[in-house]
Structure formats: structure tokens, C-alpha cells
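Hello,

Here is the structure we talked about. Please open it first, then read my notes below.

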Amino acid sequence: MLRRLRRRYIAIKVECEQPPPKNTIIDSIWKSLLQLFGEYGASQTDLKFIEYNPKERFMILRCSHDALNLVKTSISMITKIDDSKAALHIVYVSGTLKTLLKRITPLKG
Amino acid sequence: MRKFVDLHLYLKEGVDQSKEILSKAAELGYHFVGVAPPPNAKQEEIQYLWNLSKAEGLDLITRVDLTPKKPKELLLDLRRLRRRFEVICVHCTSKAIARQAAKDRRVDLLSFSPTDPRRRFFDSAEAELASKSLAALEIDMAPLLILTGFKRIYLLSHLKREVFIAKKFGVPIVLSSGASENYLMRNPRDYAALTYLFGMNQESALCSISDEPLRIIERNRKKLSANYVAPGVYIVRRKGDCYDV
């Protein structure tokens with residue numbers, strides 16, 4: 001019997017002067033992944049965008065469990081989004097979306 | 001609960017900028033921050049920085065970064081500054097200075113150039129000397145974030161080699177931010193994630209940003225306290241008999 005693919009949900013706090021649009025942040029994360037780990041490494045991550053709240057500056061991504069270290073490293077390496085200074089801080093990592101939302105709700109706002 | 005330490009913060013001149021960086025460090029979960037005031041700094045300036053950090057809930061560690069040109073200059077600086085600062089870091093710009101710093105028990109941290117691979121002298125001989133004294137290898141994370149392309153590739157490959165050598169000889173590794181602004185600061189677990197790039201595992205990375213620097217701070221604070229006499233010898237009580245002790 002095939003093992004089910006394990007996933008991890010990552011909550012990220014976006015720190016930037018102006019809240020950037022969702023696509024810009026995702027492009028930055030992909031760019032960082034490609035720069036550090038190349039196309040093969042990026043392909044292993046199974047990265048998917050889940051949610052973004054520009055007012056609270058929180059974003060949720062999903063990736064495969066095995067590639068969690070790659071994704072965390074790539075996210076931490078980002079220093080610019082669209083030519084303006086930015087930092088992405090990983091707030092919480094969880095195996096399920098429900099637990100993640102429960103944990104990050106007190107941290108928002 | 002772990003207490004996280006950032007032993008290398010660059011504070012800019014100006015109250016607002018310093019306060020901003022210190023409050024960012026507190027927000028990111030650090031309990032201790034190391035700041036390098038100029039070697040000729042007056043006691044009032046250091047007290048002022050201490051008050052600023054205390055207001056943010058941080059414990060300030062005073063450190064000095066030495067960049068000597070010759071080993072003799074290093075020895076003179078150490079003699080002059082050891083009793084004044086809690087942490088001493090030596091930026092090794094030549095092999096002779098790196099060897100002298102690694103041998104000297106007054107040196108806490110060894111640091112090397114992030115941009116010039118020819119000025120990184122942390123090899124097996126250096127690690128063997130450092131393992132017999134109290135020196136730790138300091139890795140600043142800000143250059144990893146700033147550099148791009150081949151410079152970053154060279155830095156990562158050197159770091160990987162140095163981490164391997166440090167582990168082999170039992171030299172402690174200390175991770176610091178080396179940040180001069182908010183956008184270069186990351187929380188401790190993000191730094192632990194970044195160490196994946198040069199071969200450290202999560203647990204040892206978290207030790208490098210908490211236990212190892214704490215060990216250095218506790219050791220030096222004991223030595224700099226008024227009750228210190230000699231290694232392993234402390235004044236417990238003054239005046240009166242010692243029978244009740």
C-alpha cells in the first residue's frame with residue numbers, strides 16, 4: 001500500500017513597509033527557492049499557496065514534509081520583495097491547517 | 001525553556017534607531033543581545049545602552065571586536081580590554097593573528113572575513129588550538145542574506161567545511177545575526193533553518209544560538225564579578241567566620 005504524502009503548513013509573517021500583493025510574495029519565494037536549490041530542489045517542495053491576509057500580513061503556505069527544510073531556508077533568505085526591503089518570519093509550522101489556524105489566531109493583529 | 005542570544009548586533013547612532021533594533025530583537029524572541037560599543041566608550045554610554053535594552057526586556061552583553069594587525073597588538077589589546085568587556089571577538093585578518101587568538105584563553109570568539117575566502121583561516125590546526133582554549137567560532141548570518149551569486153556560494157562552501165572541522169575538534173559554534181537593521185534580523189528558529197545550507201542540524205543550530213553563547217556569558221560574568229579570585233576560586237562571604245558557611 002502506498003504511503004500517503006505528508007504535508008506541512010507554514011504560517012509566515014510578512015514584514016515590509018507596504019503590504020505587497022500576494023503574487024509578488026509568491027514570486028519572491030519561488031525565486032529564492034530556485035536560486036538556492038535549483039529547479040530540481042524547487043520541484044521537490046510541492047509548494048502551494050493557501051491564504052494571504054495583507055492587512056494582518058500573514059501568509060500560509062503548504063509544502064511537502066520532506067522538503068520542509070528547503071522551504072524554510074528559502075523563506076528566511078528573502079531580504080527584498082519587489083526591490084523594497086522585506087523580511088519573512090516563519091511563525092508556526094503544523095501538520096494540519098486546523099491546528100495552524102488555531103495557533104496563529106492569537107498572534108494576528 | 002531555551003533562552004536565545006544574539007551576540008552580534010550593530011547599533012546605529014541615534015536613540016530611535018537603537019531602540020528600533022532592540023525592540024525588534026525582543027519581538028523576535030531574544031533574551032540577550034551583544035552589542036559592541038566603541039572601545040573608548042564611556043561608562044555613561046554603556047549604561048545608556050543597558051537602560052535601553054532593559055526597557056525592551058533584554059539583557060545587554062557588552063562586547064568588543066578586535067581587528068589587530070599583528071599578534072603583539074592583539075596581546076596588548078587583550079591585556080587592556082579583557083576586564084572591561086564581557087565578550088571579546090577577534091576578527092582574524094592573518095594566519096598569525098588567527099593562531100594567536102585561538103591559543104589565547106582570553107579570546108571568546110573567532111571571526112573571519114565573509115567576503116574574502118583567502119582570509120578564512122579556520123582549518124584543522126586552528127581548530128585544534130581553539131579546542132584547547134576557550135574560543136568559539138562565530139558565524140554571522142547577515143552576510144549570508146546580503147551576498148548573492150558566487151560570493152555566497154564560496155561563503156557557504158567555506159562554512160560547510162569549517163562547521164565540519166569545528167564539530168570534529170569539538171570547537172563550539174556561535175551563531176549571531178551581525179545585523180545592522182531590522183530587515184536583516186530573523187528569529188532564532190529561522191537562523192536554525194538557514195544553517196541547513198552549511199550542514200548543521202536543527203538541534204545543534206539551536207544550541208549554537210542559545211546554550212553555547214550563554215555558556216560564554218556566564219563564564220565571563222563570573223570572572224568579571226567582584227568575587228572572582230582565580231579559576232575555580234570565588235569569595236563566598238566577607239567578614240566574620242566561615243564556620244557557618
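**A salt bridge between the chains**

The side chains of B:E27 and A:K13 meet in a salt bridge, with 3.9 Å from N to O. The term means a side-chain nitrogen of Lys or Arg within 4 Å of a carboxyl oxygen of Asp or Glu. A:K13 lies in strand 1 of chain A and B:E27 in helix 1 (residues 15-27) of chain B, so the pair joins two chains. Side chains of opposite charge can pair when their charged atoms come close. Helices (H or I, at least four residues) and strands (E, at least two) are DSSP runs, numbered from the N terminus.

Before you go on, note that this is a predicted model: local features need pLDDT of at least 70, side-chain atom pairs count only at pLDDT 80 or more, and totals for chains, interfaces and linings use all residues. Residues are numbered from 1 along each chain as its sequence is written, chains are lettered from A and ligands numbered from 1 in the order in which they are written, and side-chain values use heavy atoms, with hydrogens and water left out.

**The interface**

How many salt bridges does the rule find across the interface of chain A and chain B? It finds three. Over all chains, the structure holds 21.

The rule also finds seven residue pairs in polar contact across this interface, both residues at pLDDT 80 or more. A polar contact is a pair of N or O atoms within 3.5 Å; within protein, one must be able to donate a hydrogen and the other to accept it, and residues adjacent in sequence count only if both atoms are side-chain atoms.

Four elements of chain A give two or more residues to the side that touches chain B: strand 1 (7-16), helix 1 (22-43), helix 2 (68-76) and strand 5 (84-94). Strand 5 of chain A gives the most, with six residues.

In total, 21 residues of chain A are in contact (heavy atoms within 4.5 Å) with 19 residues of chain B. The two chains bury about 1700 Å² between them, 55% of it on carbon and sulfur atoms. Buried area is the accessible area (1.4 Å probe) that two parts lose on being put together, summed over both. A:S76, A:M77 and A:H89 supply 30% of the area that chain A buries against chain B, more than any other three residues.

**The sheet of chain A**

Five strands form an open sheet in the order 2-3-1-5-4, with antiparallel pairing. Two strands pair if DSSP finds at least two bridges between them. The edge strands are strand 2 (48-53) and strand 4 (80-81) of chain A. Eight bridges join strand 1 of chain A to strand 5 of chain A. A:A11 has A:Y92 in strand 5 as its bridge partner.

**The sheet of chain B**

Which way do the strands of chain B pair, parallel or antiparallel? The pairing is parallel, in an open sheet of seven strands with the order 1-2-3-4-5-6-7. Strand 1 (4-9) and strand 7 (173-176) of chain B are the edge strands, and each pairs on one side only. Four bridges join strand 6 (residues 136-140) of chain B to strand 7 of chain B. B:D140 stands opposite B:S176 in strand 7.

Best wishes
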